Amino acid sequence: MSGGKLTTYDETEVSCLPGTLSGTGDGTTFSTNEGSVVTIRAGRMSFDDNLGVRRLRRVPGGLPPECRASSADLFDVFWHTFAENYPFFRAKGVDWKSQGDAARREIAAHPERLFDVLCGLIRPLHDAHVGLLAAGQHCSFPRPGTPDLKTTVPRAIAVADANLGAPIQRWAGGAIAYADLPEGRGYLRISGFHDYADTFAASSEVLAKALDEIFTADRVRTLRGLILDLRVNGGGDDPLGLQVAARLTEVPHFAYAKRARNDPEDPTRFTVPRPFFVQPAAAPRYTGPLTVLTGSLDVSAGETFLQALLNRQPRPVLIGQSTQGAFSDMLERTLPKPGWKVALPNEEYLDPRGRTYDGTGISPDLQVPVFAPDDLAAGKDPALAAARR
């Protein structure tokens with residue numbers, strides 16, 4: 001921090017490079033280039049669009065010399081970034097060292113194939129929160145069988161809307177949609193928890209206004225049930241998910257606990273888990289029967305939101321297919337080549353028993369096909385039909 005500017009650096013065993021996060025402010029609070037607000041005080045860094053804090057330790061002598069001029073090799077930085085931060089190699093069955101050795105030999109023989117080789121390294125992880133961006137090129141490999149996002153989502157939304165048999169209202173550019181169904185139940189679809197507005201604070205205000213218009217005192221008193229559709233929820237900001245969960249309970253309850261990998265050499269060592277809770281909102285709340293539609297396009301903050309509902313009373317009934325299984329916030333790192341960046345997870349979200357759903361996703365109570373091509377072509381939505389039954 002200097003002159004009202006926040007600059008970050010990302011370290012590995014072999015590198016120290018300028019980070020993706022920067023901002024301007026008054027020395028305590030900074031508006032970042034990503035639309036969030038960072039607060040730094042008493043050795044702690046917190047984000048308004050994120051849950052938890054990062055502990056800070058002052059380095060004597062200012063910026064280390066290796067951060068002022070770095071000649072690190074791109075492949076080495078890439079490999080060490082994962083080796084020192086990724087928590088799920090064992091769960092994914094990936095031997096990162098042996099695969100890295102093979103990739104290094106291939107790059108030595110064919111340096112022009114660097115991007116393809118790095119993409120080949122992350123492919124076996126099948127982790128939707130892992131991705132490589134390189135000067136206009138991008139690769140990411142979600143769980144096998146995941147429908148194509150760009151082609152599936154618009155058709156899936158159109159089919160769901162056509163099957164409602166009721167007018168639908170929309171907020172936040174269509175990311176939030178609600179309909180009162182003829183049978184006296186409600187249908188709420190949330191397609192993501194991000195970019196409702198230019199900043200996180202403004203997005204939270206947009207969401208609050210939508211929730212006030214959806215969960216009116218008259219509606220929550222008369223609803224016979226609520227169907228919550230998360231099948232195309234692409235994630236975003238966890239606090240926005242908790243903001244919605246606060247309108248769905250009358251008593252506080254456990255949401256999840258977060259912990260981050262905390263040892264560059266040992267992937268089994270984590271920070272002490274920090275618990276988070278759903279607190280009832282000081283506004284009209286719906287507390288009756290809840291059915292949630294799930295599928296593999298429910299990812300990231302869409303999954304943490306679902307996890308935050310699992311300890312609600314009455315417990316929601318989940319219908320559809322397993323969620324994607326990518327819960328952690330994304331750790332974005334720069335690579336030593338202009339325009340090259342990598343993203344990966346470094347956290348676990350734990351249930352009350354200390355279990356994580358990363359990789360497996362959250363399974364439904366009732367398995368029903370979600371977005372099967374034949375169903376979409378025929379305009380059918382069997383998961384929605386099952387929820388209404």
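Which helix gives the most to the lining of the second largest pocket, and with how many residues?

Tutor: The model is a predicted one, and the description that follows rests on it. Helix 3, which covers residues 89-92, gives the most to the lining of the second largest pocket, contributing three residues. The space in this pocket amounts to about 220 Å³. Its lining consists of P87, F88, F89, R90, A91, P267, T268, F270, E348, T356 and D358. Sorted by class, the lining of the second largest pocket holds six nonpolar residues, three charged ones and two polar ones. Two domains take part: domain 2 (74-141) and domain 3 (149-328 + 347-388) each supply at least three residues to the lining.

A strand may be considered next. Strand 11, residues 186-190, is mostly covered, with five of its five residues buried. Strand 11 pairs with strand 10 (residues 176-180) in the antiparallel sense, over five bridges. In this pairing, R189 of strand 11 has A177 opposite. The hairpin of strand 10 and strand 11 has five residues between the strands, and G184 in this hairpin adopts a positive phi near 90°. Strand 11 also runs parallel to strand 12 (residues 226-229), to which four bridges join it. There, G186 stands opposite L226 of strand 12.

Note on methods. Residues numbered from 1 in each chain as written. Predicted model: local features only at pLDDT ≥ 70, side-chain atom pairs only at ≥ 80, totals over all residues. Heavy atoms only, no water. 1 Å grid on protein atoms, 1.4 Å probe; cavity = no way out; pocket = protein on both sides within 12 Å on 5 of 7 lines; lining within 4 Å. Points joined across faces, edges and corners; volume = space filled by probe spheres on them. Helix = DSSP H or I, 4+ residues; strand = E, 2+ residues; numbered from the N terminus. Nonpolar A, V, L, I, M, F, W, Y, C, P; charged D, E, K, R; others polar. Domains from an automatic or database assignment. Buried < 20%, exposed > 50% of the residue type's maximum accessible area, 1.4 Å probe, protein only. Pairing = 2+ DSSP bridges.
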